[in-house]
Structures are given as C-alpha cells and as structure tokens.
Amino acid sequence: MSTRFSDDWLHLRERADHEARAAALLPPLTDWLGERRIHVADLGAGTGANLRYLARVLPAIQDWTLLDQDRTLMVEAVPPRSGISVQRRGVDLTQGDPLAASSVDLVTASALLDLVSRAWLDALARSCLQQRSAVLLALSYDGTIRWEPRAAGDELVNTLVNSHQRRDKGFGPALGPDSGPTAESVFRDHGFHTWLSPSPWRLGPEKAALQQALLEGWVNAAVEQAPDRRQELHRWATHRRQEITTGRVSLQVGHLDLLALPPESR
Ligand SMILES: C[S@@+](CC[C@H](N)C(=O)[O-])C[C@H]1O[C@@H](n2cnc3c(N)ncnc32)[C@H](O)[C@@H]1O
C-alpha cells in the first residue's frame, strides 16, 4: 500500500533535514561531476527539499527531473536560482524503471529509501550502472530514536515503530531501518564505490513542533503494530506531549546518507 505525505509535514522537517545531511559526502560527488552541465533525477522529490539543498553545491548548470506520484507536492519545487531548470513527472516509482529513456549524471533521493524493498534497490542499482550515474541517497532512517530525558515506554515505542517501518509501502517488503546498509551493499555488488555516513536529526527544544509531530506519528504506528498495548502506548504519548511543552526535551533520530560512484569502465 503506498503512503501519502502532506506538504505541512515536509515543510516542518526540511530545516532539520538540511542541518542533518552528511556534508562530507559532497566533495567526492562534486569532484566526480566536475564543471559539466548535469542532469539530476530526484526520486520521490516531494516539495523539492533535496533540490533546494543540493542546487547550491552542484555545478552551475543543472537540469533537474523531479519524480513523484504526488504532483500537488511538486508544484512548490521551483528552480532556486538561475542556471537551473526543473521538470516534474508524476510517476509511480514502483512501475517500471523510473530512469528509462533518460540520460542522468546524478540519481538522488532524500527520505525515500526506508520505504523501498531490496528488489527495488537492486533494479535501481542496475539502471544507475547502465547510465554510469552517481547516486546520492540521503536521510534513510536507521532505527535509532533517543529521547533525553528518557522515559518508560521509549524502547517499546522504538521497537514497534521499527517493525511498522518494515510494512509494505508499495515497493514490496520495506527495508525500513536496514535501508542504508542494504543500499550500500547492493551498490557495492554492482561495482560502485560507496560512502555511508550518519546524518542524524538532533532536535533540541527549539524543534518542539517537529518533536510533537514525530511523537503523534510514532504512537499511531505503535498502536497499529500492538493494538493490545494501546493504553500503555497512549499513557506514554500523554507523558511525552507534556514533557515537550516544558522545553526540556531533546530527541535524536538516526539517519544514514549514501554516496555511490560508478566504476570507471565496464
Ligand atoms: C518522506 S517524503 C520525502 C520527500 C522529499 N524527498 C523530501 O526530502 O522532503 C517521500 C516522498 O516519496 C513519494 N513517494 C512515495 N511512494 C512513491 C511511489 N510509489 N512513487 C512515487 N513517489 C512516491 C511521496 O509522495 C513523497 O513525496
């Protein structure tokens, strides 16, 4: 079953996403791209957060193709400066090769990989190898949720959220927290050179709105996984809601960013 994402949610997380991203992966990518005009494909582009992050560091002339099943989200993805063109394609990424009939220098995605299956990743890696494209897959959830101060129930919720993450999101059995390391091994198997780097959200009290939104999503997911523990889970959520309003809560959520560069020759 495919999952829908609201533009409110994507706006709320964008700043934290940009702050979290593994900047150390950018120099090897930009060295590899050089100064040529590049074509970038952004899979699951949403409102264009990945475009807004990468446009400032990639070569001057960039042609972007944004792919997402939700065209309404992509309306907001406009070129952030001159020298950049943006095309939007409303496509379901589970249907066929999203890169077919295009010539792409960089395939990228952010906050998408935890939804996909190993078989889907394998097909993507094959297609990227054929194209000889670089690949940057950012912000894949790694299964870690750490609240400070800690509270009873945190571990239970983390475990249930992680098992909910593995439900099919339309791509086959979802990799969820395993998506980063699995993607690295799949791209390596296809001969790519890979770099996997942590990109955790570090959400202090100033990010209370994002903490609250995460908490609501997590308690719903946890109750779906363990309906018989509904009361215990709602008690946890009530406690956490109150704590967040005191302005003393910090939250770390683990992610991984992957850069994969293609082998030199076939
Ligand atoms: C968590 S959002 C990330 C959006 C954006 N990359 C960002 O970083 O803000 C995941 C995106 O993947 C898209 N998506 C999910 N399943 C899809 C599918 N089967 N085909 C195309 N897009 C899909 C959603 O519409 C959503 O925009």
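Q: Where is the place of Ala 111?
A: Ala 111 sits in the loop between β4 (106-110) and α5. The model is predicted.

Q: Does Ala 111 count as buried or exposed, and why?
A: Ala 111 counts as buried because it has 20 C-beta neighbours inside 10 Å, and the cut-off for a buried residue is 20 or more.

Q: Which value does phi take in Leu 139, and where does this residue lie?
A: Leu 139, likewise a residue other than glycine, has a positive phi near 60 degrees. Leu 139 belongs to strand β5. With 29 C-beta neighbours inside 10 Å, Leu 139 is counted as buried.

Q: Which residues does the cis peptide bond join?
A: The cis bond links Glu 148 and Pro 149, with omega at about 0 degrees. Pro 149 is in the loop between β5 and α6 (154-165).

Q: How is a nonpolar core to be read, and which residues of the largest one touch the most other members?
A: In soluble globular proteins, nonpolar side chains tend to be buried together. The largest nonpolar core here has 69 residues, and those touching the most other members are Leu 66, Val 107, Val 116, Val 135, Leu 136, Leu 137 and Ala 222. Strand β5 (residues 134-148) gives the largest share of this core, eight residues. Leaving aside residues up to four places away in sequence, Val 135 touches Val 107, Cys 128, Phe 187 and Ala 260.

Q: Where is Pro 79 found, and which residues does it touch?
A: Pro 79 is in the loop between α4 (71-74) and β3 (84-90). Pro 79 is partly exposed, because 15 other C-beta atoms lie within 10 Å. Not counting residues up to four places away in sequence, Pro 79 touches Ile 84, Ser 85 and Val 86. Its C-alpha atom is separated by 9.3 Å from that of Gly 48, 31 residues apart along the chain.

Q: Which residues come nearest to the ligand?
A: Among the 21 residues around the ligand, the nearest are Gly 44, Gly 46, Gln 69, Leu 93 and Ser 110. By class, this shell holds nine nonpolar, eight polar and four charged residues. Helices α1 (7-20) and α3 (49-54) each supply at least two of its residues.

Q: How does the radius of gyration of the protein chain agree with that of a compact globule?
A: For 266 residues, a compact globule would have a radius of gyration near 18 Å, and the 19 Å of the protein chain agrees with this. The protein chain has nine helices and eight strands, and 41% of its 266 residues are buried. Of its contacts between residues at least 6 apart in sequence, 78% join residues at least 24 apart.

Key
Residues are numbered from 1 along each chain as its sequence is written. This is a predicted model: local features need pLDDT of at least 70, side-chain atom pairs count only at pLDDT 80 or more; totals for chains, interfaces and linings use all residues. A residue is near a molecule or strand if its C-beta atom, placed from the backbone, lies within 6 Å of it. Helices (H or I, at least four residues) and strands (E, at least two) are DSSP runs, numbered from the N terminus. Ala, Val, Leu, Ile, Met, Phe, Trp, Tyr, Cys and Pro count as nonpolar, Asp, Glu, Lys and Arg as charged, and the others, Gly among them, as polar. A nonpolar core is a set of buried Ala, Val, Leu, Ile, Met, Phe, Trp, Tyr and Cys residues joined through C-beta atoms within 7 Å. A residue is buried if 20 or more other C-beta atoms lie within 10 Å of its own, exposed if 12 or fewer, and partly exposed in between; C-beta atoms are placed from the backbone. Two residues are in contact if their C-beta atoms, placed from the backbone, lie within 7 Å. The radius of gyration is taken over C-alpha atoms; the globule rule is 2.2 Å times the number of residues to the power 0.38.
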